[in-house]
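Please read them with the coordinates open beside you.

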Amino acid sequence: MRANLIWQFILGLIGLVLAAFLGVELYISNAPLHEILWLLGVSAALLVSAVMSLLFARWYGARIIRLAEFSRRLAAGDFRPLEARPHSDELAALARAMNETAARLANMIRSLTDEHSRTAAILESMAEGVAVVGADQRVVYSNAAFAQILGWGANGTGAGEAALGQGRRLVELVRQNELLGLVTQALAEHERVESEVTVGTVRLQTFAVTAAPVRAAAASGETNGASKEARTGESIGAVLVLHDISELRRLERVRRDFVANVSHEFKTPLTAIQGFAETLLGGALDDPEHRARFVEIIHQHAERLTRLTDDLLRLSKIEAGQLAIELRKVNAAELIASCVETARFAMEKKKLTIEVRCPSGIPPIQGDAGRLRDVLQNLLDNAVQYTPDGGNIIVSADLGDGEVAFTVADNGIGIPQVEHERIFERFYRVDEARSRDVGGTGLGLSIAKHIVEAHGGRIWVESAVGQGSKFHFTAPIAQ
């Protein structure tokens, strides 16, 4: 533009000069001197005017070019203001208006960027999976939690894998028909839909799913397809939220199992007590041969109820955080010796041999001697109960990294591999009939687990059917 203006003025100037000299040449032969001088003056004035016009055009054109370059910078996202110039004409007013526009745009974009960053940070830090899909069911956005739940982020950091899902159809990424059905229903009915979906194959997880339609804001005065869609209230997408309720469902299942197990555990001895009491009241009191045996049976079942009630109260206090622990230095060798001595009568009755392995260099542990004795005694009593006559039991203590590991090993019936994770649950028994025969309540290992964890230790089992069992638990070394 600037070059065109310059060439136009140069050509105009040349034309004026040629016209002036041609006119002078044609007129000078017969014109008087004053007219010739007047003509030369006019030509000179025209020449000066042309030069001034050229300079003004170049100056004005430069300002226009400067504004045009500033407009291109604004379009490219560069909002640096124009340098102020001491002018007060229309172009100066336009420059000031463009500077104000640039400042407002910069503030608006900065505000939108900050808001987008905050929203993205919130969504990425959420434990709930969040995804946005369009009306064509293509993924517009999904956070790392959503990607990880559905397996997109299993091999990566999560966010990067989630980005791979953007732009792809949801059916290509999701294998849960229930989830796809909820999205389709929300888009079709334009209403919020809630349900539960189970995800996973080996480790099942339950999620509360909410699918809510997203509608565009109606724009008045527009007739394009998008605005018409907005005015008619059609959904332009849906927001999916997956909230993990696996633990809640597990606790509900545990509560139901607990009520059922407690009812079952109480029913057996209560039925026996009631039956034999009715038998005695029905005339067996006068039968010297049977009444003593009946009373003994009632007494045994009453003791079982007492043990069960005591264990339930202990477990309730432990799970409520009311377990009182007095931390002191405890000698590992003395702890083992005390428990072995308590179980010795039962071991001699079954002709079991016991071996104690506790090196002299084992340091004292930090814990409550009475509580830790309960744990070790429970493991030792279980080993005695489930080891056949003439079997062997080994009780040992080994020094670990900042802790002492206690082990009770036997060559008894063993525990199937699939039962290892559930063996520490309340009322869970591998062999229910034998457990009741030996008087177990099914709460001992659950109580032991809580006590060990309250000391900051771990408890686990190694066992195979027919090869015996090894129960381990750890306790921290005293500082």
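## Notes on packing, surface and charge pairs

1. Arg-357 is partly exposed, since its relative accessibility comes to 43%. Its side chain meets that of Glu-355 in a salt bridge, at 2.9 Å from N to O, and Glu-355 is itself partly exposed, with a relative accessible area of 33%. Please bear in mind for this and every later point that the model is predicted.

2. Over the whole structure, the search returns 12 salt bridges. One of them joins Asp-136 to Arg-138, whose closest N and O atoms are 3.5 Å apart; Asp-136 is partly exposed at 39% relative accessibility, and Arg-138 is likewise partly exposed, at 34%. Arg-328 forms a salt bridge with Glu-326, again with the closest N and O atoms 3.5 Å apart, and here Arg-328 counts as exposed, at 57%. Arg-73, Asp-78 and Arg-80, for their part, are linked in a network of such bridges.

3. The largest nonpolar core holds 45 residues, and the members that touch the most others are Leu-376, Leu-380, Ile-393, Phe-406 and Phe-473. Among the elements that supply at least two residues each to this core are helices α10 (288–319), α11 (332–349) and α12 (369–385), together with strands β9 (392–399) and β10 (403–410).

4. Thr-206 lies in strand β4, which spans residues 205–215, and it is buried because its relative accessible area of 17% falls under the 20% limit. Beyond its neighbours up to four places away in sequence, Thr-206 touches Glu-196, Val-197, Thr-198, His-243, Asp-244, Ile-245, Ser-246 and Arg-249.

5. On the surface, Leu-47, Val-48, Val-51, Met-52 and Leu-55 form a nonpolar patch with about 450 Å² of accessible area together. Val-51, which belongs to helix α2 (residues 33–75), is partly exposed, with a relative accessible area of 36%.

6. How many disulfides does a search of the whole structure find? The search finds 0. As for individual cysteines, Cys-339 is buried at 0% relative accessibility, whereas Cys-358 is partly exposed, with a relative accessible area of 24%.

How values were computed. Residues numbered from 1 in each chain as written. Predicted model: local features only at pLDDT ≥ 70, side-chain atom pairs only at ≥ 80, totals over all residues. Heavy atoms only, no water. Disulfide = S-S within 2.5 Å. Buried < 20%, exposed > 50% of the residue type's maximum accessible area, 1.4 Å probe, protein only. Core = buried A, V, L, I, M, F, W, Y, C linked by side-chain atoms within 4.5 Å. Helix = DSSP H or I, 4+ residues; strand = E, 2+ residues; numbered from the N terminus. Contact = heavy atoms within 4.5 Å. Patch = residues over 30% accessible without salt bridge, like charges linked within 9 Å, V, L, I, M, F, W, Y side chains within 5 Å. Areas by Shrake-Rupley, 256 points an atom, 1.4 Å probe, with all protein chains shown as cover. Salt bridge = Lys/Arg side-chain N within 4 Å of Asp/Glu carboxyl O.
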